[in-house]
Amino acid sequence: MSESASVVGPPPGKKVRRTSFNEGTGKLAALLLSPTLIVLLLVIGYPIISALRESLYTSGGIGDDGFVIEGSQFVGLDNFAAIFTGATGDRFWNAFYNTTFFTVTCVVLETLLGVLMAMVMHKAFKGRAIVRASILIPWAIPTVVSALLWKWIFQADGIANTVLGTQILWSTEGWQSVLSVIIADTWKTAPFIGLLVLAGLQTIPDEVYEAAKVDGASPWKTFTRITLPLVKPALLVAVLFRILDTLRIFDLPYVLVGPNKESVETLSILAFLEANQTRYGPAAAYATLLFIYIVVVAYVFVKLLGADVIGEARVNKPKKSRGKGGA
């Protein structure tokens, strides 16, 4: 007959406090994350605060002798008010329109091409590794190098005019400069969306497609009813990243077409040109408005489309019963 192990209980009359597994981990987590938070405050928080402060000041111009005429002066919201009035306001709204137009057009084209690239890269065929490497090469090229490459293609005697048999001046004002920026940006960053969508495709079990095939689902229904819903989290994150990146587009149109071109001037270019003329207050005001614009767009995108930036949908936890005798 086996002897049962004796259980040592608490002393009589002493209340036992139940401890949770996660108890005390909050302080440890804060301690471990504090170095990262400090770095983020220095790298992100300080520049944002400095830009907000600078937008409330105006700096004196530079005289003919090369010296600053007058130091910085506090002007409050005058820099923001000046943005929306007169010729400055017209230039701002033109840059705002160009920024929004490039974002909508490029992201839509990149999403369509990126999904198509992901579907091609996901298929099993001979030479798939070479195709994947070829598709990802444009994304690996630095943006400035890509802009210089396309600038050479769009020269008056470049490859584009030779193939089309025309003499289009791609770097001058007009629709051609806008089209050149859209083509170059789509070519470079569509593989980024394709890469993230490909990662989402590889998480879908093959059994799902086999069941759909047995049920007689057509390729289009398989794509719209199975593939697209299952890769939606990865696709929305990719689109969100591209929206935020395109809203601050600067180097591609600046290098490809050039500065002071009304047709491709964006808010980032406008802020850079103001800072280049030592007008740091207005430049900071432009940068602040662009920052607010990006934050609003990101918030609306996440709220309306349900983009899950952490890769896992939020689970609604059931509420605990508070009734008497409730579990």
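**Stop 1: Thr278.** Select Thr278. This residue is partly exposed, with a relative accessible area of 22%. Here buried means under 20% relative accessible area, exposed over 50%, and partly exposed in between (1.4 Å probe, protein chains only). Thr278 sits in the loop between helix 11 and helix 12 (280-305). Check its backbone: phi is positive, about 60 degrees, although Thr278 is not a glycine.

Before going on, a word on the model. It is predicted: local features need pLDDT of at least 70, side-chain atom pairs count only at pLDDT 80 or more, and totals for chains, interfaces and linings use all residues. Residues are numbered from 1 along each chain as its sequence is written, and side-chain values use heavy atoms, with hydrogens and water left out.

**Stop 2: Asn260.** Now select Asn260. Find this residue in the loop between helix 10 (251-256) and helix 11 (267-276). Is Asn260 buried or exposed? Asn260 is exposed, with a relative accessible area of 55%.

**Stop 3: the whole chain.** Zoom out and color by secondary structure. The protein has twelve helices and two strands. Helices (H or I, at least four residues) and strands (E, at least two) are DSSP runs, numbered from the N terminus. Trace the order from the N terminus: α-β-β-α-α-α-α-α-α-α-α-α-α-α.

Of the 327 residues, 32% are buried. Next, show contacts (heavy atoms within 4.5 Å). Among those with a separation of 6 or more, 67% join residues 24 or more positions apart.

**Stop 4: the largest pocket.** Select Met119, Lys123, Tyr209, Thr222 and Thr227. Of the 15 lining residues, these lie nearest the centre of the largest pocket. Helix 3 (86-122), helix 8 (206-214) and helix 9 (219-247) each give two or more residues to the lining. Which helix gives the most to it? Helix 9 does, with five residues.

A pocket is an open set of points on a 1 Å grid over the protein atoms alone, where a 1.4 Å probe fits, with protein on both sides within 12 Å along at least five of seven lines; lining residues have an atom within 4 Å of a point. The space in this largest pocket is about 450 Å³, counted as that filled by probe spheres set on the points.

Finish by coloring the lining by residue type. Seven of its residues are nonpolar, four polar and four charged.

Terms used
Ala, Val, Leu, Ile, Met, Phe, Trp, Tyr, Cys and Pro count as nonpolar, Asp, Glu, Lys and Arg as charged, and the others, Gly among them, as polar.
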